[in-house]
Amino acid sequence: MRMLCAPVFATLSLLTANLASAEQFGTAEEARAMLDRAVAALKSDEAAALRAFSDAKNKQFHDRDLYVSCFNTSDGKFTAFPGPGMIGIDVRTFKLGDDPIGQRAFDAIQSTPEGTVATMDYNFPKSGKPALKQSLEMRIGNQGCGVAYYK
């Protein structure tokens with residue numbers, strides 16, 4: 001009996017661990033829903049929305065690894081970010097290794113009509129290993145905002 005139960009328990013443990021790990025990261029659908037909420041908030045009250053996006057305790061715009069960040073489309077400076085130290089920093093200066101990710105994000109917003117989602121893929125560590133992320137970005141007025149998730 002013990003011999004038969006051991007593989008079953010091992011399999012259940014692996015399934016539980018996989019489910020727990022899957023729940024720690026947001027999905028593409030959750031990222032898009034968060035971006036849609038951000039767009040609605042920006043259209044309603046831009047100043048209040050930007051404050052809400054930067055408030056790490058606001059669960060509407062911060063869920064696990066998902067969060068909203070925004071930059072001004074004319075000067076590239078962050079207007080919303082989960083860490084207050086980023087506000088006012090030019091997004092175009094950010095690189096991941098040799099990838100000018102900030103410039104790519106800025107360019108994606110510039111070349112996409114307002115209200116249209118632009119996507120940008122990039123590698124970013126996940127659990128200490130390289131992993132593919134996708135950023136969903138949209139221009140709303142003078143704001144370029146995005147939410148990224150692991151693919």
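**Exercise 1. An aromatic cluster**

Which residues form one aromatic cluster with Y67? Work from the predicted model.

*Solution.* 
Step 1. Find Y67 and look at the aromatic rings. The cluster consists of Y67, F78, F81 and F94.
Step 2. Take one pair from it. F78 and F81 form an aromatic pair, with 5.1 Å centre to centre and 70° between the planes. Planes over 60 degrees apart count as edge-to-face, and this pair of F78 and F81 is edge-to-face.
Step 3. Check the surroundings. F78 is buried, and F81 is buried too.

**Exercise 2. Another ring pair**

Classify the pair of Y122 and F124, then state whether each residue is buried or partly exposed.

*Solution.* 
Step 1. Read the geometry. The ring centres of Y122 and F124 are 6.4 Å apart, and the planes stand at 80°.
Step 2. Apply the cut-offs. Rings pair if their centres lie within 6.5 Å, and planes over 60 degrees apart count as edge-to-face. The pair of Y122 and F124 is therefore edge-to-face.
Step 3. Turn to accessibility. Buried means under 20%. Y122 has 10% relative accessibility, so Y122 counts as buried. F124 has 33%, so F124 counts as partly exposed.
Step 4. The aromatic pairs number 7.

**Exercise 3. Charges over rings**

Over which ring does the charged end of R92 sit? Over the face of which residue does K133 lie?

*Solution.* 
Step 1. Start at R92. Its charged end sits over the ring of F106, 4.5 Å from the ring's centre.
Step 2. Move to K133. This residue lies over the face of Y150, at 4.7 Å from the ring centre.

**Exercise 4. The place of H62**

Is H62 buried or exposed?

*Solution.* 
Step 1. Locate the residue. H62 belongs to strand β1, residues 62-63.
Step 2. Use its accessibility. The value is 9%, so H62 counts as buried.
Step 3. Look for polar partners of the side chain. A polar atom of the H62 side chain lies 2.7 Å from the backbone oxygen of F53. The backbone oxygen of D55 lies 3.1 Å from a polar atom of that side chain.
Step 4. List contacts, leaving aside neighbours within four places in sequence. H62 touches M34, A52, F53, S54, D55, A56, Y67 and P82. Y67 also belongs to the cluster of Exercise 1.

**Exercise 5. Strand β3 and its partners**

With which strands does β3 pair, and in which sense?

*Solution.* 
Step 1. Sort the side chains. In a regular strand they alternate between the two faces of the sheet. In β3 (residues 69-72), S69 and F71 point one way, while C70 and N72 point the other way. All four are buried.
Step 2. Pair β3 with β7 (residues 143-150). The sense is antiparallel, over 4 bridges. S69 has G146 as its bridge partner in β7.
Step 3. Pair β3 with β4 (residues 78-80). The sense is again antiparallel, over 2 bridges. C70 stands opposite A80.
Step 4. Inspect the hairpin of β3 and β4. It has 5 residues between the strands, and G76 takes a positive phi near 75°.

How values were computed. Residues are numbered from 1 along each chain as its sequence is written. Side-chain values use heavy atoms; hydrogens and water are left out. Buried means under 20% relative accessible area, exposed over 50%, partly exposed in between (1.4 Å probe, protein chains only). A polar contact is a pair of N or O atoms within 3.5 Å; within protein, one must be able to donate a hydrogen and the other to accept it, and residues adjacent in sequence count only if both atoms are side-chain atoms. Contact means heavy atoms within 4.5 Å. Two strands pair if DSSP finds at least two bridges between them. Rings of Phe, Tyr and Trp (its six-membered ring) pair if their centres lie within 6.5 Å; planes under 30 degrees apart count as stacked, over 60 as edge-to-face and the rest as tilted. A charge sits over a ring if NZ of Lys or CZ of Arg is within 6 Å of the ring centre and within 35 degrees of the ring normal.
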